Amino acid sequence: MITRRDLIRAGAAVTALGFDLTPAIAAARELKIARTTQTNSVCPYCAVGCSVVIHTLGDKSRNVQPAVVHIEGDPDSPINRGTLCSKGISLKEFIVNDRRLTTPLHRAPGAAEWKPIPWDDAINKIARHIKDTRDRSFVEKDDQGRTVNRLPGIAMIGGCTDTNEINYLLSKFRFGLGILSYENQSRL
Amino acid sequence: MQKVAKLIDTTLCIGCKACEVACQQWNDQEFTMGVFNNTYQTMPSLAHNFWNLIQFNELEINGAQSWLMAKYQCMHCADAGCIKACPAPGAIVQNANGIVDFNQDNCIGCGYCITGCPFDVPRLSPTTKKVYKCSLCSDRVAVGLEPSCIKACPTSCLSFGTRDALHHNASKRAEELRADGHAQAGVYDGPGVGGTNVIYVLKHADRPQDYGLPKDPHIPWTVSLWKGPVKWLGNAVFFGGLLTALVHYIKVGPKEAHRDE
């Protein structure tokens, strides 16, 4: 295999014969995001909700294992127009990180340890809890007999980085269950 | 080709350090432990793997506590001291757009550029024994993108563009500041080194040293002397010697050995 070093060495020999390879060597510093796949997303940190572009290795071909190589601000966003703060610009370290959580963790009642569980189990468990709590505390009619259909047993917290589409679905979900207590991270 | 430049309006810097992190991220620098030196700075100075530092200069000016933020990085001089001092061909190049870039493949690690730099910017890596500094993201600029630090800056303290346009913006901003009552406001672009491609707007342009910028930056006279007259003299002596030997050979001929018989 020809390494870059070999190439430069060969270049030096060719240069000695009168061919100048300087432009070829000067182009060695290449743009690392030239052909990456770009994915638009929202920074998960504060309530400003800056848009970011995630650069992923490869072009989504079947045999490519994608990896995040770079993240920077999305210039098309009216919120940040490409800028990011010191925390947001380091987002790659948040994704490419040994300590990143990739599965749900469950701490059983009375247990001291968090145990990883599969997504299906976690979703089933949450659904079970929601159903049980709702069955237990749902209020169909108030003291004066008026229909209220409210659920005081559950509160809901939204995330500041949820997109409009997610928030739309979350609101539908909330009204469907009858949840009244509702708070958003941007006010915390 | 138009010269590109970076404008730093120090009056708008809030010290968020987004540019520092953007620089580290884009250049894939390894994690470096910060050092605390009784200021809010990330590090006391630049490092071989830390090319862009916001200096938090705390001092009292006219009885008022002042925080003079200044971005500390390569100034991309028109008449660059590092290039003048560098003995390795191709290790330091000046692109047509004004960017002064190091090519570590050609660097021999002698460190002469560190001596030649009037702004004390290049840093030698203890592991690779090569010298590193800000490249003004020459890879990004080459394809029409702005440098990483400038893209990140949330307060538009940093801006990127052609040198002429930014010079215009800089003097306009200095004028605004003067009209606002900051009589000493002005533009700093290192006139002693033929102008730099990094331009500052300073609220106290009469005292750039308080921002960590040399008042009158010049390439050290030792470097100028060594790469100027001393070099010419050395070449004259060397080639003159060869020429004299050639003339002597033609006129007198080779030295004949005398044999004792």
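Helix α4(A) lies largely in the open, because none of its 19 residues is buried. Here a residue is buried if 20 or more other C-beta atoms lie within 10 Å of its own, exposed if 12 or fewer, and partly exposed in between, with C-beta atoms placed from the backbone. Helices (H or I, at least four residues) and strands (E, at least two) are DSSP runs, numbered from the N terminus.

The model is predicted; local features need pLDDT of at least 70, side-chain atom pairs count only at pLDDT 80 or more, and totals for chains, interfaces and linings use all residues. Residues are numbered from 1 along each chain as its sequence is written, while chains are lettered from A and ligands numbered from 1 in the order in which they are written.

Confidence is given as pLDDT, the predictor's confidence in each residue, from 0 to 100. Chain A has a mean pLDDT of 85, and 84% of its residues reach 70 or more. Over residues 13-21 of chain A, pLDDT stays under 50, and the model has five contacts beyond four places in sequence for them. Over residues 23-27 of chain A, pLDDT also stays under 50, with four such contacts. Two residues are in contact if their C-beta atoms, placed from the backbone, lie within 7 Å.

Chain A is assigned domain 1 (1-30), domain 2 (32-100) and domain 3 (105-187). These bounds come from an automatic or database domain assignment. The C-alpha centres of domain 2 and domain 3 of chain A are 30 Å apart. Six residues from domain 2 of chain A and five residues from domain 3 of chain A form their contact. The domain 2 side comprises five nonpolar, one polar and no charged residues. Ala, Val, Leu, Ile, Met, Phe, Trp, Tyr, Cys and Pro count as nonpolar, Asp, Glu, Lys and Arg as charged, and the others, Gly among them, as polar.

Chain B contains eight helices and 10 strands. Its radius of gyration is 23 Å, well over the 18 Å that the globule rule gives for 261 residues, so chain B is more spread out than a compact globule. The radius is taken over C-alpha atoms, and the rule is 2.2 Å times the number of residues to the power 0.38. Along the principal axes, the C-alpha atoms of chain B fill a box of roughly 95 × 40 × 40 Å. Buried residues account for 41% of chain B.

Between the chains, the contact takes 18 residues from chain B and 16 residues from chain A. On the chain B side, α1 (18-26), α4 (138-142) and α5 (148-152) each give two or more residues. Helix α1(B) gives the most, with five residues. By class, the chain B side has nine nonpolar, three polar and six charged residues.

Helix α1(B) is largely enclosed by the rest of the structure, because nine of its nine residues are buried. Its cover includes α3 (91-95) of chain A, together with β2 (53-61), β3 (64-72), α5 and β8 (158-162) of chain B. Just after α1(B), B:Asp28 takes a positive phi of about 50°.

B:Cys153 sits in the loop between α5 and β8 of chain B. B:Cys153 is buried, with 26 other C-beta atoms within 10 Å. Beyond its neighbours within four places in sequence, B:Cys153 is in contact with A:Thr83, B:Ala18, B:Cys19 and B:Leu158.
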